Amino acid sequence: MHYALNLRTFFYSHYFYLGLRFAAGLVGVTLITLQFADMATAMTVCIGALCTALMDMPSPLRHKFNEMSASVLLCSAVTLLISLCAPVHWLLMVMLVAISFLACMMVVYGKKSMPLQLATLFIMTMSMEHDMTVRESFIHTGLFTLGAVAYLAYAMGISWILRHRIKQQVLAEALFELAAYIDIKADFYDTRYNLTEQFNKLVRHQSLLADRQQASRDLILRSHQNSKDAIVVQTHVCMLDLYELILSTHTDYAQLRVHLADSPVLKSLHDLAYKAARDIESVAYDVTRKKASYPEISYEPELDAIEAELASLQRRVDEGKPAQEALAVLRAQRNKVRAIITMIVELHRASQKVYDSTPFWVDADMGPFLSQQKYELRMILSHLRLDSPIFRFSLRVAMAISVGLAVAAWLPYAAHSYWIVLTIVIILKPSFSMTKQRRSDRIVGTIVGCVITALIIKYLNYPAAILGFLILSTVATPTFIYLRYRYAAIAVSIMILLQMHLIAPGNHDLIMERLIDTFIGAAVATAFSFVLASWEYQSLPRLIREVLGVNLRYMQASFDLLQGKGKDDFAYRIERKRLMDSLAALSSALMRMLDEPARKQRAVEDINLFIVQNYLLVAHVAALRSILRRHQKELPTAHVNAMLNESHEQVVRTLAQALAPQTAKPASAAAEPSPVAAPAVDTASVPWSGWPLVQRRIRLLQADAVKIIVHSEAIVRNVA
């Protein structure tokens, strides 16, 4: 379950705060307007506020102002243009299609432009029913802009007041997702779960975790002005360090299960991971409540059980029984778990007071860690070609809206054609997977919303009750729009139908018309989801190249760090973030492809394995770093660096071979992974206990790098 769907955390999440802010702004703007004007004027002002509110998301203040200002200007321009064209039917139809196309082209700017696209198309559909003179059109647009500017001022003021609170909420969300990530890792120790399925589940969650960590970076690292901000920054940094330690815990789970299947130690490891997840959740829980967090969980029983098992294994080894491998693996896991527990204590401590200095970010350029977005016209112009997925999506939406308008004109009742168009706009998304999910949520949400509204009108048709449900649905709509769209669809159906019932209480066909128009819009959107479709498999070669290219840079930064060539780990952190982002993008594409028709799916298993192998490289590097830190005092630096340098050259050659054009060598060249040679460095003369652990990790690192070639070539062959 998503953390914000739990009542214990729901009312402290930024989703609920967004709903309250949204509803208070809309209701406030409407009530103030009603003091000076009639209901029609108030509704126009309210629609202006609503369009701006769609852009009201957690974001740095300067970015929020720019994004919401763009919404005010663009939506006001669309309102005026559509209002002026409305009296001339053919011109209106042309403008609707043209604006739909241009609005969808804005998707080129990425995920943050999606609400702006929706706001533009929403006000386009809401303005198409008006038949006004030129003077009335300008007055109508002025009122709309007034509402939009009023909400902009309100939202900026509230966001400034709550700027630190929003940082805490976004950080807490990243911590909750990290705890969920550890819960998945805990089940690796449970023999009831299949290892392959569990690893796939872990990698899928990686995409969500990367997204939440990036949202946290964008808010927290962009500006830090006082001691409260410093606490949030140091907690965020501890969270990222803890994440790296968690990555390092990857081990040979199959071997653990074979050697320790009859031992209770696997349950102890599982319980330790489960407790660690709850401990991190307690930090997140306290962060949402603006409280310092203190450790309350004891790990001693499980740690004692592991120590007892280690002693038992050591006795078996001393007796000459074959338990050396299991002993080494379990001992390594014990050390990593202890490091994680220590770091969780640091996480608690980070929430309590401001340190003298905050790690790694002082006097550093945070730009590489933050989302960078440029809104340039040339980006749209560069996609005006038929092979561009965004251009095809824009054409698809424009054609679907044309058909929706034509169907609405032929309906036997006085159709609300904007309902059909709005349904098309909401359902039809750039990818088939998103369209499929949104269609299901929209239809189910509308049906449930219509049923609830019918019951309210029949049994609770009192002004106070209707007003209460109206306010509740207004809060719920933005609260769930990014959390569970199906719930948002229910809320928005109730909100719109109750508003229309208050305006025209005698229309008994309103709910049925709403249902019919929704089904028509959904049918049109579904049909056009196959028109000029861009299937996910077509993007796979590009995504594979991006992952390999970033991994090469990550390996260079990693080995520089392991060999102590840099003054800090700043460059390593940047490249690790970029690699995780590229893997998250590939993983998301895979998940979307699995929702597409079976005939459009390619190389599913190889993509899975390719993602896993790249992920394992990160885990091996994290493990090597942990080992070298643990043995820092006794480390034979020269010999270790020689081994690392040799391994680095081999891994880089392997990844470069995978990145090279696939036609440069026969397809069968990588059919079998090449045997991985042991490091040539002489370690016999150096009495260091850490050699077996380092050598084993390096062999695994090299072997997994070789396997990447196999899967990358198989993916390209299947796509081709």
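This is a predicted model: local features need pLDDT of at least 70, side-chain atom pairs count only at pLDDT 80 or more; totals for chains, interfaces and linings use all residues.
Local features were taken at pLDDT of at least 70 and side-chain atom pairs at pLDDT 80 or more, whereas totals for chains, interfaces and linings use all residues. Numbering starts from 1 along each chain as its sequence is written, and side-chain values rest on heavy atoms, with hydrogens and water left out.

On the surface, Ile-447, Val-451, Leu-455, Tyr-459, Leu-460, Tyr-462 and Phe-519 make up a nonpolar patch whose accessible area together is about 680 Å² (Shrake-Rupley method, 1.4 Å probe). Such a patch joins nonpolar side chains within 5 Å, from residues with over 30% relative accessible area and no salt bridge (a Lys or Arg side-chain nitrogen within 4 Å of an Asp or Glu carboxyl oxygen). Helix 18 (residues 432-459) contributes the most, with four residues; helices here are DSSP runs of H or I, at least four residues, numbered from the N terminus. Tyr-462 sits in the loop between helix 18 and helix 19 (463-481), and Tyr-462 is exposed (over 50%) at a relative accessible area of 53%.

A cavity is a set of points on a 1 Å grid where a 1.4 Å probe fits but cannot get out, and lining residues have an atom within 4 Å of a point. The largest cavity holds about 170 Å³, the volume being the space filled by probe spheres set on the points. Its lining comprises 14 residues, with Ile-182, Thr-249, Ala-273, Val-337 and Ile-340 nearest the centre. Helix 8 (163-186), helix 12 (265-288) and helix 14 (324-350) each give two or more residues to this lining, and helix 12 provides the largest share, four residues.

Methods:
Patches are made of residues with over 30% relative accessible area and no salt bridge: like charges are joined within 9 Å, nonpolar side chains (Val, Leu, Ile, Met, Phe, Trp, Tyr) within 5 Å. Buried means under 20% relative accessible area, exposed over 50%, partly exposed in between (1.4 Å probe, protein chains only). On a 1 Å grid over the protein atoms alone, a cavity is a set of points where a 1.4 Å probe fits but cannot get out, and a pocket is an open set with protein on both sides within 12 Å along at least five of seven lines; lining residues have an atom within 4 Å of a point.
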